Amino acid sequence: MFLEYTTIFIFLIVGIAMVPLMLLIGKILRPHAPDDKKTSTYECGEIPLGSSWIQFNLRFYVIAFLFLIFDVEVAFMFPVASIFKQWTQAGFGQGWLAFIEVAIFVGILLVGFAYAWHKGDLNWVRPKKKE
Amino acid sequence: MSLPQMLQDIFQYWPVLQTFPFWVWSTLSVLALLFLFVFPFAGVAVYVERKIAGDIQARIGPNVVGPYGILQWIADALKLLLKEDIIPKKADRKLFIFAPMIIFMSGAASFAVIPFSENLILANLNIGIFYLIAITSLVSMGVIISGWASNNKWSLLGGLRAAAQVVSFEIPVALSLMTAALALGSLNMVDLVNAQAGMKWGIFHNPFMLILAFVYYISALAEVNRTPFDIPEAESELVSGYNTEYSGMRFAIFFLIEYADAFVICAVSTTIFLGGWHLPFLNYAHIPPFLHIPLQVTIFMTKACFLLVVMMWIRWTLPRYRVDQLMKLCWEVLVPFAFICLLGTALWMVLFQGKGFIELLGGLF
């Protein structure tokens with residue numbers, strides 16, 4: 001089974017190497033004549049004002065946080081998912097046990113989800129706080 | 001069995017070829033997949049999309065290069081190859097060059113676990129579906145790097161929007177893939193398909209799986225930034241989003257991977273919800289083995305291409321979502337639905353001892 005990961009590894013290497021290779025082929029054929037106007041930042045024809053490496057909105061950070069929590073949850077659930085069917089086929093007792101465990105695990109997260117929802121962290125446009 | 005292993009088996013009695021180690025066959029099959037399938041398929045998909053767009057908007061579409069314009073994609077590729085490669089002076093050069101590489105890597109490597117047929121799969125991983133989630137979420141990293149490295153306001157906005165969107169829609173995607181694994185009892189792609197033999201398709205397993213198929217399809221559309229969820233590259237707002245500063249071959253890579261990813265999600269939908277290479281009343285035990293690969297590939301590709309055409313149809317029919325609507329759709333509709341379906345499927349599994357709807361029907365008669 002671990003032999004299969006050879007293919008994955010080679011796929012990643014080929015994936016990385018393919019882009020420079022494609023560019024290298026084009027290098028012989030394509031023109032190369034950069035000038036100041038051409039290599040300046042595109043801003044719809046205007047002269048670009050300042051850098052765009054700026055501080056951006058905090059709500060992207062909140063989204064990233066929520067994602068992290070959910071994704072870790074999903075990653076932890078995968079082993080359960082892969083054997084859940086065997087448990088349910090083994091009999092009612094084991095099936096219910098597995099279901100209750102899944103329900104508790106998901107339930108804890110859903111409480112957090114409900115909290116985030118109630119607090120308005122899921123809203124993209126935040127309503128202004130009332131004074 | 002996977003494709004490299006099959007090659008090794010075929011050539012095991014040849015004088016020189018039998019001494020080749022496994023990785024040679026792996027490399028050969030990876031290159032074969034990329035050059036014989038991914039690149040031509042992405043090209044043809046672009047052509048088909050433009051033709052469909054033409055039909056929907058009551059115009060002809062590409063019709064100059066070759067008969068019915070079918071060679072248009074080769075002309076496009078050549079044009080992009082001959083374009084000058086511009087790196088903006090103010091951009092972060094290293095990251096600017098690195099971003100397409102990581103996007104290409106993750107986009108192409110997700111093909112490794114697509115089961116075209118029982119033996120025609122690049123790497124028959126025991127955690128295939130988990131690998132798929134891991135590798136496709138790398139795209140968001142490439143997108144955010146390209147947006148940041150360009151040092152362009154459009155790119156930055158596009159990259160951040162794309163990252164927020166991809167990351168959010170990753171949750172319903174992962175949840176629905178997990179629920180499918182839970183219902184079908186495996187993480188291996190081939191096992192997943194074989195658990196759906198005959199009419200026992202994923203969508204017919206239970207009512208929740210039927211809803212989940214739609215949840216998956218919608219959120220996967222958003223994950224690959226297809227219209228109606230293409231706000232990261234909304235032309236009317238952000239010029240071209242995170243790839244504004246990319247030109248020539250580098251742009252071609254973004255473009256190619258967009259179509260490759262679109263195919264990947266269609267193939268995954270086929271694998272876990274539409275029964276892969278299985279059709280109702282078709283039993284592979286009654287079919288001679290040498291016909292298995294062509295038949296399975298044909299059925300699989302037909303289903304996947306049907307979904308791809310639906311995707312294009314959606315793209316040219318619906319208007320674009322707004323950012324806040326999009327996030328609302330994800331977090332307040334799709335995620336709760338996915339959780340309900342997860343618990344519902346688990347409950348169904350317990351109540352009916354792991355049997356799907358079709359299996360239960362079979363027990364009745």
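Student: Is B:Gln72 buried or exposed, and at what relative accessibility?

Tutor: Happy to start there, with a predicted model in which local features need pLDDT of at least 70, side-chain atom pairs count only at pLDDT 80 or more, and totals for chains, interfaces and linings use all residues. Residues are numbered from 1 along each chain as written, chains are lettered from A in the order written, and side-chain values use heavy atoms without hydrogens or water. Buried means under 20% relative accessible area, exposed over 50%, and partly exposed in between (1.4 Å probe, protein chains only). B:Gln72 therefore counts as buried, at 14%.

Student: Which residues is B:Gln72 in contact with, leaving aside neighbours within four places in sequence?

Tutor: B:Gln72 is found in helix α3 (residues 72-82) of chain B; helices are DSSP runs (H or I, at least four residues) numbered from the N terminus. Contact means heavy atoms within 4.5 Å. By that rule the partners are B:Tyr47, B:Arg50, B:Pro62 and B:Val65.

Student: B:Arg50 forms a salt bridge with B:Asp76, so how far apart are the closest N and O atoms?

Tutor: A salt bridge is a side-chain nitrogen of Lys or Arg within 4 Å of a carboxyl oxygen of Asp or Glu. B:Arg50 is partly exposed at 35%, and B:Asp76 is partly exposed at 21%. Their closest N and O atoms are 3.2 Å apart.

Student: What is the N to O distance in the salt bridge of B:Glu332 and B:Lys328?

Tutor: Both residues lie in helix α13 of chain B, four residues apart, about one turn. An α-helix has 3.6 residues a turn, so residues three or four places apart point the same way. B:Glu332 counts as buried at 16%, while B:Lys328 is partly exposed at 45%. The distance is 3.3 Å.

Student: How many salt bridges are there between chain B and chain A?

Tutor: The contact takes 90 residues from chain B and 71 residues from chain A. About 7,700 Å² is buried between them, with carbon and sulfur atoms giving 76%; buried area is the accessible area (1.4 Å probe) that two parts lose on being put together, summed over both. A search of the whole structure finds five salt bridges over all chains. Between chain B and chain A the count is zero.

Technical notes. Helix = DSSP H or I, 4+ residues; strand = E, 2+ residues; numbered from the N terminus.
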